Amino acid sequence: MRSSMPPPIANSPKGDSPQMSEYVFCNQCGHRNPPSSAFCSSCGSPLDRLDDRTINLTRVDPLQDAPGADDDLVIPVGDLPTETGVLIVRAGEQAGDRFALENDLTRLGRHPDSEISLDDITVSRRHVDIERTPEGYIATDGGSLNGTYVNQERIDKVLLRHGDELQVGKFRLVFFERNDA
């Protein structure tokens with residue numbers, strides 16, 4: 001008579017076997033695969049690995065000229081920092097530039113002392129401040145003439161969420177914060 005119970009797991013010294021979080025699980029069949037696997041050893045499906053993911057940002061065209069896939073910005077997720085938020089310029093002359101929000105206070109504007117300098121007449125000298133708090137990143141408009149917008153709504157002060165679009169003058173920046181570390 002066969003038992004339906006799984007065989008007991010042998011005790012092994014700590015560090016000899018991979019931790020459960022180091023395994024890559026198949027999204028199709030749920031099979032546990034070694035961390036270096038690219039395909040599931042059970043069903044053959046490609047495995048979803050963080051360092052293979054990308055983010056596509058569609059370029060914004062103010063003239064409404066239909067942009068194609070060649071105009072998209074492709075950002076590998078594995079290249080983004082894990083301990084800080086990051087702003088990626090989606091539109092404007094600096095499209096594709098990335099700015100890590102490493103300081104407790106990051107200032108955006110045309111002023112030479114700004115941590116993130118956006119050189120355009122549509123940007124105020126002290127346009128917006130982004131403060132790192134225990135709750136997250138808070139964007140505060142610095143009394144700019146053209147205003148600061150988050151997801152196309154004018155703001156005075158707002159808590160930024162992953163994927164929010166921050167508009168500073170003609171620049172559109174997308175806020176990313178990795179929570180997978």
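I take buried to mean under 20% relative accessible area, exposed over 50%, and partly exposed in between (1.4 Å probe, protein chains only).

**Entry 1: ground rules**

This is a predicted model, where local features need pLDDT of at least 70, side-chain atom pairs count only at pLDDT 80 or more, and totals for chains, interfaces and linings use all residues. I number residues from 1 along each chain as its sequence is written, and side-chain values use heavy atoms, with hydrogens and water left out.

**Entry 2: Ser124**

I looked up Ser124 and found it buried, at 17% relative accessible area. Ser124 sits in the loop between strand E8 (116-117) and E9; strands (E, at least two residues) and helices (H or I, at least four) are DSSP runs, numbered from the N terminus. I count a contact when heavy atoms are within 4.5 Å. Neighbours within four places in sequence aside, Ser124 is in contact with Gly109, Arg110, Ser144 and Leu145. A polar atom of the Ser124 side chain lies 3.3 Å from the backbone nitrogen of Leu145.

**Entry 3: the whole chain**

I noted 15 strands and zero helices in the protein chain. The chain has 181 residues, of which 34% are buried. I also looked at contacts between residues at least 6 apart in sequence, and 32% of these join residues at least 24 apart.

**Entry 4: the core**

Which of its 20 residues touch the most other members? They are Leu87, Leu108, Leu118, Ile130, Val168 and Leu173. Elements that give two or more residues to this core include strand E5 (85-91), strand E9 (128-133) and strand E15 (171-176). E15 gives the most, with three residues.

**Entry 5: strand pairing**

I call two strands paired if DSSP finds at least two bridges between them. Strand E7 (residues 105-109) pairs with E9 in the antiparallel sense over four bridges. Leu108 has Val128 in E9 as its bridge partner. E9 and E10 also run antiparallel, joined by six bridges, and a hairpin of two residues links them. I found Asp129 opposite Thr140 in E10.

**Entry 6: salt bridges**

I count a salt bridge when a side-chain nitrogen of Lys or Arg is within 4 Å of a carboxyl oxygen of Asp or Glu. The count by this rule is four. Arg90 and Glu165 form one of them, at 2.5 Å from N to O. Arg90 lies in strand E5 and Glu165 in strand E14, so this pair ties together parts 75 residues apart in sequence. Arg90 is partly exposed at 22% relative accessibility, whereas Glu165 is buried at 8%. Glu165 also meets Arg172 in a salt bridge, at 3.3 Å from N to O, and both Arg172 and Glu165 are buried. Shared partners join Arg90, Glu165 and Arg172 into one network. I noted a further salt bridge between Arg107 and Glu115, with the closest N and O atoms 3.0 Å apart.

**Entry 7: positive phi**

I looked at the loop between strand E11 (148-150) and strand E12 (153-155), where Asn151 is placed. Asn151 is not a glycine, yet has a positive phi of about 55°. Gln152 is found in the loop between E11 and E12, and has a positive phi of about 70° although it is not a glycine. Is Gln152 buried or exposed? Gln152 is exposed at 62% relative accessible area, while Asn151 counts as partly exposed at 40%.

Key: A nonpolar core is a set of buried Ala, Val, Leu, Ile, Met, Phe, Trp, Tyr and Cys residues joined through side-chain atoms within 4.5 Å. A polar contact is a pair of N or O atoms within 3.5 Å; within protein, one must be able to donate a hydrogen and the other to accept it, and residues adjacent in sequence count only if both atoms are side-chain atoms.
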